[in-house]
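Visitor: I would like to learn how to read a helix and its surroundings in a model like this one. Could you take me through it?

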Amino acid sequence: MKQNNGRSTADNFPVGNRGNGKEPAVNITAEYGELMALLVAEAALSTKQVSHAGRIREKLGREKPLLDIVLELGYVGESQVWDAIRKHKVSMRIGTLLVELGLLKQNELDAAFAIQQEEGSGKKIGEILVSHHFIKETKS
C-alpha cells in the first residue's frame, strides 16, 4: 500500500465519519454484500477499507469481485476470509457466497434460479448449478 504523508492510502478516503472517532453506521450488506459484512463483523476489515475497495472497483469500470480487491490491497488474508465463512456458514446462501467469491456471476445465478423455477423439481440451487455446468463439483 502506498504511503502519503505518513498515512496509508486507505486513510485518505473518509467514509463520512461523524466526528465521534468511530466509523459511521453503514449498511455494509446492502452496499457491499454479505461477505464484506461478515468480515467487518469479525473485525478483519473496517468499513473504511470496504468503502475504499468499493471505490476502486467502481473506477476499474469492469465487474471484479470486491473480495479480490480487498485481498489484493492486503486488507485481509485468505485464511481470515475462510475462517469468517466457516464461523457464519449458516447465515449465507450458497448462491450469494459463490457470487461474492467470484466463482459465479450474478447473471449465471439468476439463470439458475430461473431454471429451478421452470423445472419445479424441488432441486436445491447447488444441484442446479452443478447439473447445468455453471460450476464444477469438486471434493478436496
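Visitor: Which residues in H3 are buried?

Guide: Buried means under 20% relative accessible area, with a 1.4 Å probe and protein chains only. In H3 that applies to Thr47, Gln49, Val50, Ser51, His52, Ala53 and Gly54. This is a predicted model, in which local features need pLDDT of at least 70 and side-chain atom pairs count only at pLDDT 80 or more, while totals for chains, interfaces and linings use all residues. Residues are numbered from 1 along each chain as its sequence is written, and side-chain values use heavy atoms, with hydrogens and water left out.

Visitor: What do the buried residues of H3 pack against?

Guide: Contact means heavy atoms within 4.5 Å. The buried residues of H3 pack against helix H1 (28-32), helix H2 (34-41) and helix H4 (66-72), and just after H3, Gly61 takes a positive phi of about 70°.

Visitor: How many residues has the largest nonpolar core?

Guide: A nonpolar core is a set of buried Ala, Val, Leu, Ile, Met, Phe, Trp, Tyr and Cys residues joined through side-chain atoms within 4.5 Å. The largest has 23 residues, and those with the most contacts inside it are Leu35, Met36, Leu39, Leu45, Leu67 and Val70. Two or more residues come from each of H1, H2, H3, H4 and helix H5 (78-87), with H2 giving the most, five residues.

Visitor: With which residues is Leu67 in contact, leaving aside its neighbours within four places in sequence?

Guide: Leu67 is in contact with Leu35, Met36, Leu39, Val81, Glu100 and Leu101 once those neighbours are set aside. A second, separate core of 10 residues includes Leu104, Leu109, Ala112 and Ile125.

Key:
Buried < 20%, exposed > 50% of the residue type's maximum accessible area, 1.4 Å probe, protein only. Helix = DSSP H or I, 4+ residues; strand = E, 2+ residues; numbered from the N terminus.
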